[in-house]
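Hi there,

Here is the structure I promised to pass on to you. Have a look at it first, and then read my notes below.

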Amino acid sequence: MELLHHWCTNTYSTMTDDGVQQLIWQTTAITLGFSYPFLLKQLLAIAALHMAICRPERRDFWHTRATELQSQALSGFNSMEKQVDESNCVVVLLFSALVGTHLLGDRSRFHNLASSSEHLNHLVSCVNLMRSVRSLVLENHTPFLFESPIRPLMTARNPKPPYNGVPTECRRLTALIKQSDLSPSSIEAYDAAIDRLFWLFDLTEVPSKVHETPRSVLAWPVQLTEGYLTLLNQRRPEALIILAYYGVILHFYRKAWCIGDSGASLIRAVDAHVGSYWSPWLRWPLDMIDSS
């Protein structure tokens, strides 16, 4: 009951700065959770992570509780017999968003990683998980979601090319792809990832704006193509550099308790992985975290 109370009075409001969206996390998600226990347990796991920050004197206890609840939530979700359809797609979308938030916000898991390679693997796993939302829910059920009780979570400003809010330094990514010796399929995958990254820079107004909730920040991994994910999982330098530029956006969400230093850690992990040959392409992301 303590975690449920903490969610309903505190944590829900840290998920977004939009009042209508906050109400969805405070009431709609809880109501659905009573019918789908795996959603409620994942929601309580997030509340436990937040408690670890709000009550640092019991940090270890709350981190352990969060891990236990998430394990129960994932077990419940994996045992769900029904395919994703209109009867449960809202629940699956909320659950996926919470799991992604948990992976980013679990400081105990993140800071126990021993090397930059492990940091990178952890963050790439977050990207892979959030991309699965596209195949599970968005590819087949987006029209329904726009008419569902969580419609406010689906609506946002939708920037169009040429994305005037994109920093000049970020636009250099297009030159990276043009000068690399790549197959047509790789070029297509990278161009699509960069387009969605430019879209998110414009939407979030980074680096002009610093955010205090994770609203919209997971929109980039959700929209990635299988082609880009394949290149990312192969740790192709170009894919990792694009990911590092996403790290800049994460860095400007560092005031969100569930994001923290994830962006800076990601950028430094990519820098350590790709080596000095690629360092000119990482100068701007590194400068952004060093200067702010």
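This is a predicted model: local features need pLDDT of at least 70, side-chain atom pairs count only at pLDDT 80 or more; totals for chains, interfaces and linings use all residues.

The sulfur of Cys8 is too far from any other cysteine sulfur for a bond, because the closest one, in Cys54, is 15 Å away. As a reminder, a disulfide is a covalent bond between the sulfur atoms of two cysteines.

Residues are numbered from 1 along each chain as its sequence is written, and side-chain values use heavy atoms, leaving out hydrogens and water.

Are these two cysteines buried or exposed? Buried means under 20% relative accessible area, exposed means over 50%, and partly exposed is in between (1.4 Å probe, protein chains only). Cys8 is partly exposed at 23%, and Cys126 is buried at 7%.

Next, the helices (DSSP runs of H or I, at least four residues, numbered from the N terminus). Helix H4 covers residues 59-78 and reaches 28 Å from its first C-alpha to its last, close to the 28 Å expected; the expected span is 1.5 Å times one less than the number of residues. Its buried residues are Trp62, His63, Ala66, Leu69, Gln70, Ala73 and Phe77. They lie on the same side of H4 because they cover an arc of only 130° around the axis, taken from the directions from the helix axis to the C-beta atoms. Asp60 and Asn78 are exposed on the other side of H4. In H5, 16 of the 17 residues are buried, so this helix is largely enclosed by the rest of the structure.

Finally, the pockets. A pocket is an open set of points on a 1 Å grid over the protein atoms alone, where a 1.4 Å probe fits, with protein on both sides within 12 Å along at least five of seven lines; lining residues have an atom within 4 Å of a point. The largest pocket holds about 970 Å³ of space and is lined by 32 residues, with Leu153, Met154, Ser216, Ala219 and Val222 nearest its centre. The second largest pocket holds about 190 Å³, and its lining includes Asp17, Arg157 and Tyr253.

Enjoy exploring!

Technical notes:
Grid points are joined across faces, edges and corners, and a volume is the space filled by probe spheres set on the points. Helices (H or I, at least four residues) and strands (E, at least two) are DSSP runs, numbered from the N terminus. A disulfide is a pair of cysteine sulfur atoms within 2.5 Å.
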